[in-house]
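I opened my notebook to follow how one chain packs. My entries are below, in the order I looked things up.

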Amino acid sequence: MTAVAVAVPLVWLAWLVLIDWVPMFPLNDLSGANVKGRALATAINYPFPLLIAAGVALHRTWSLAAATVLCLLVMAGHVRSWWLPYFGTATDEQRELYRREYSRTWKVLPTAGRAVVIDVQHMVVGVLSLLMLATTIVVTLTA
């Protein structure tokens with residue numbers, strides 16, 4: 001299970017790199033994306049899975065606890081960025097980012113009456129985030 005818990009954050013990272021930098025419309029829409037903004041998101045987001053994978057691989061009590069906390073932060077960020085706005089708490093900044101970068105991407109959830117709707121690319125991020133959290137917790141509890 002440790003190998004899986006190390007691999008999942010790396011898959012999560014690979015998915016982020018793919019959707020952030022490789023144009024695959026309508027899965028993602030990089031036409032209106034601000035490269036400076038994407039570079040900033042890269043600097044903020046990409047270290048998380050590397051630190052989580054390293055913490056799990058090190059397999060010490062403190063490193064597993066740190067990896068679990070980082071997974072919780074990733075999940076909290078995902079919920080704050082996508083699910084809370086979907087249910088009506090979107091900020092003006094979130095609405096503008098959505099309009100510019102995500103309004104034309106694939107969605108499976110209802111869009112009517114929603115300022116921000118989580119798209120397929122970010123649903124995959126959410127599933128991978130949950131899987132990352134679950135595998136990290138399992139390894140932590142069985143250490």
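**Entry 1: the main core.** Which residues have the most contacts inside the largest nonpolar core? I found Trp12, Trp15, Leu16, Ile52, Val56, Val125 and Met132, in a core of 24 residues. I noted that this is a predicted model, where local features need pLDDT of at least 70 and side-chain atom pairs count only at pLDDT 80 or more, while totals for chains, interfaces and linings use all residues. Residues are numbered from 1 along each chain as its sequence is written, and side-chain values use heavy atoms, with hydrogens and water left out.

I wrote down what a nonpolar core is: a set of buried Ala, Val, Leu, Ile, Met, Phe, Trp, Tyr and Cys residues joined through side-chain atoms within 4.5 Å. Buried means under 20% relative accessible area, exposed over 50%, and partly exposed in between (1.4 Å probe, protein chains only).

Helices are DSSP runs (H or I, at least four residues), numbered from the N terminus. α1 gives the most, with 8 residues.

**Entry 2: Val125.** I looked up its partners, not counting residues up to four places away in sequence. Val125 touches Trp12, Trp15, Leu16, Ile19 and His78. Contact means heavy atoms within 4.5 Å.

**Entry 3: α1 against α3.** Their axes are 8 Å apart, and the helices pack at about 170 degrees. Axes are lines fitted to C-alpha atoms, for helices over the stretch in contact, and angles run from 0 to 180 degrees between N-to-C directions. α1 and α3 are therefore roughly antiparallel, a word for angles over 145 degrees. From α1, the contact includes Pro9 and Trp12; from α3, it includes Ile52 and Val56.

**Entry 4: α3 against α4.** Here the axes come within 7 Å and cross at roughly 150 degrees. α3 and α4 are therefore roughly antiparallel too. Among the residues that meet are Phe48 and Gly55 in α3, and Trp62 and Cys71 in α4. The contact of α3 with α4 divides into 12 nonpolar, 2 polar and no charged residues. Asp, Glu, Lys and Arg count as charged; Ala, Val, Leu, Ile, Met, Phe, Trp, Tyr, Cys and Pro as nonpolar; the others, Gly among them, as polar.

**Entry 5: Thr42.** Is Thr42 buried or exposed? Thr42 counts as buried because its relative accessibility is 18%. I placed Thr42 in helix α2 (residues 35-45).

Technical notes:
Helices (H or I, at least four residues) and strands (E, at least two) are DSSP runs, numbered from the N terminus. Angles under 35 degrees count as roughly parallel, over 145 as roughly antiparallel, 65 to 115 as roughly perpendicular and the rest as oblique.
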